[in-house]
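Subject: Structure handover

Hello,

Here is the structure I said I would pass on. Please open it beside this message and follow along.

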Amino acid sequence: MINFDFVDRRETIATAAFVCWHCDEPTCAQVCPADAIKKYEDGIVGSSLKPRCIACSNCVLACPFGIPKLVAPAEQMMKCDMCYDRTSVGKRPMCATVCPSQALAYVTPEAIAQTRREKPVNTFQFGSQTITTKVFMMAPAGVESISIDVADYTWEGENEAVPQAF
Amino acid sequence: MKLFRRPSNAPLWQDEFPFYTADERYVSRRQFTKFLTLTSLAMFAGNLWILGRSWLRREPSYPRRAVARLDEVPDGGVKIFSYPTEGDPCILVRTAADSYVAYSQKCTHLSCAVYYDRQLNQLACPCHQGFFAVADGAVLQGPPRRPLPRVVLEREGDELVAVRMEEGA
């Protein structure tokens with residue numbers, strides 16, 4: 001499953017990566033009424049388990065990063081699972097292999113900290129909810145945690161038909 | 001169940017539906033030991049209860065009840081009656097001029113009503129082809145394992161009186 005989408009296709013060719021952050025305490029798994037989302041031993045939060053998922057969209061609404069997507073034809077939630085078929089056998093996830101500018105990199109935070117001015121951060125603040133993740137985001141050097149007010153990113157413009165990328 | 005929970009401050013639902021795959025079927029040594037101990041205790045108590053019940057069980061008492069007059073049933077004929085309660089159908093068979101036998105009519109397999117097969121001179125259960133001997137109620141053929149309980153009869157004048165039930169031969 002490709003976890004990229006165009007931001008505003010009419011205006012720009014910019015895309016956004018819906019890469020899962022693999023939270024230490026995944027909200028999606030905590031709200032799942034069917035016990036279908038699991039965190040594996042290596043810290044990867046997988047897509048919903050097909051036999052369990054009831055396609056209720058709880059995780060879609062609960063995830064503060066907006067990562068899970070309900071795939072209606074499969075009647076199942078699917079999301080980035082860090083290309084588990086690849087990373088579980090030692091390969092890099094597909095997005096990191098094709099990214100030409102290393103905006104998405106599959107390296108340890110210590111390794112990337114030595115090559116960049118920015119600092120890898122894995123603490124996010126959503127209002128009063130603090131989330132620590134397995135995936136790091138590069139933040140300006142002095143920043144300890146990334147504070148996000150969801151209201152800042154809420155779409156308040158005209159409700160126009162946006163063509164789907166796929 | 002709280003007794004089998006591993007010590008934790010998390011709410012019960014979080015323990016029972018953990019998001020870590022590794023926690024899904026995780027049972028701690030202490031939980032397992034508790035389970036074994038309590039199950040063994042329950043088994044022990046259950047055995048004591050069975051033992052106590054078998055000690056306390058008394059012989060059931062049966063009423064005397066006239067079931068038929070001697071001339072009421074023809075030779076080779078049958079009469080259905082209830083003994084010892086109204087809910088226990090029994091079958092009386094006159095096997096010879098002055099020979100009467102009676103058995104519970106419930107097949108010992110699945111409690112279908114047995115009938116007297118005059119040609120074979122056997123008690124037959126139509127449900128699963130079980131056959132019992134008329135002479136003593138023993139199983140001749142079919143799925144039943146236990147013989148038919150026998151009704152002990154006594155003759156009082158010209159009447160047959162049921163005295164008690166007897167587990168079959």
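Below is what was found in it, chain by chain.

First, a caution: this is a predicted model. Confidence for chain A is given as pLDDT, with a mean of 87. In that chain, 92% of the residues reach 70 or more. Among the elements of chain A, strand β1 (residues 4-6) has the lowest mean pLDDT, at 82. Helix α2 (residues 58-62) of chain A has the highest, at 94.

**Chain A**

Chain A has 5 helices and 7 strands. From the N terminus, the order is β-β-α-α-β-β-α-α-α-β-β-β. The chain has 166 residues, and 20% of them count as buried. Take the contacts in chain A with a separation of 6 or more: 38% of them involve residues 24 or more positions apart.

Look at the loop between α1 (27-31) and α2 of chain A, where Ala55(A) sits. Ala55(A) is not a glycine, yet its phi is positive, at about 55°. Ser57(A) is found in the loop between α1 and α2 too. Its phi is also positive, near 75°, and Ser57(A) is likewise a residue other than glycine.

How exposed are these two? Ala55(A) is partly exposed, because 16 other C-beta atoms lie within 10 Å. Ser57(A) counts as exposed, because it has 12 C-beta neighbours inside 10 Å and the cut-off for exposed is 12 or fewer.

**Where the chains touch**

On chain B, 5 residues are in contact with 9 residues of chain A. The chain B side of this contact has 4 nonpolar residues and 1 polar residue. Charged residues are absent from that side.

**Chain B: overview**

Chain B has 3 helices and 10 strands. Along the sequence, the pattern is α-α-α-β-β-β-β-β-β-β-β-β-β. Of its 169 residues, 16% count as buried. Of the contacts in chain B with a separation of 6 or more, 34% are between residues 24 or more positions apart.

Helix α3 of chain B covers residues 29-56, which is 28 residues. From first C-alpha to last, α3(B) reaches 40 Å, close to the 40 Å expected at 1.5 Å a residue.

In what order do the 6 strands of the open sheet in chain B run? The order is β1-β10-β9-β4-β3-β2, and the pairing is antiparallel. The edge strands are β1 (65-69) and β2 (78-82) of chain B, each of which pairs on one side only. On average, neighbouring strands of this sheet are turned by 35° against each other, direction ignored.

Arg69(B) stands opposite Glu159(B) in β10(B).

Next comes the pairing of β9(B) with β10(B), antiparallel over 7 bridges. In this pair, Arg155(B) stands opposite Leu160(B) of β10(B). The two strands form a hairpin with 2 residues between them. Gly157(B), in the turn, has a positive phi of about 65°.

β9(B) also pairs with β4(B), residues 99-104, through 2 bridges, again antiparallel. Here Tyr103(B) stands opposite Arg150(B) in β9(B).

Lys79(B) has Leu92(B) in β3(B) as its bridge partner. β2(B) and β3(B) form a hairpin with 6 residues between them. Pro84(B) is in the loop between these two strands. The peptide bond joining Tyr83(B) and Pro84(B) is cis, with omega about -5°.

**One residue up close: Glu154(B)**

Glu154(B) lies in β9 (residues 150-156) of chain B. Is Glu154(B) buried or exposed? It counts as exposed, because it has 11 C-beta neighbours inside 10 Å. Leaving aside neighbours within four places in sequence, Glu154(B) is in contact with Val161(B) and Val163(B). Arg164(B) is 10 residues from Glu154(B) in sequence, and their C-alpha atoms are 9.8 Å apart.

Best wishes

Terms used
Residues numbered from 1 in each chain as written. Chains lettered and ligands numbered in written order. Predicted model: local features only at pLDDT ≥ 70, side-chain atom pairs only at ≥ 80, totals over all residues. Pairing = 2+ DSSP bridges. Helix = DSSP H or I, 4+ residues; strand = E, 2+ residues; numbered from the N terminus. Axes fitted to C-alpha atoms, helices over the stretch in contact; angles between N-to-C directions. Contact = placed C-beta atoms within 7 Å. Nonpolar A, V, L, I, M, F, W, Y, C, P; charged D, E, K, R; others polar. Expected span 1.5 Å × (residues − 1). pLDDT = per-residue confidence, 0-100.
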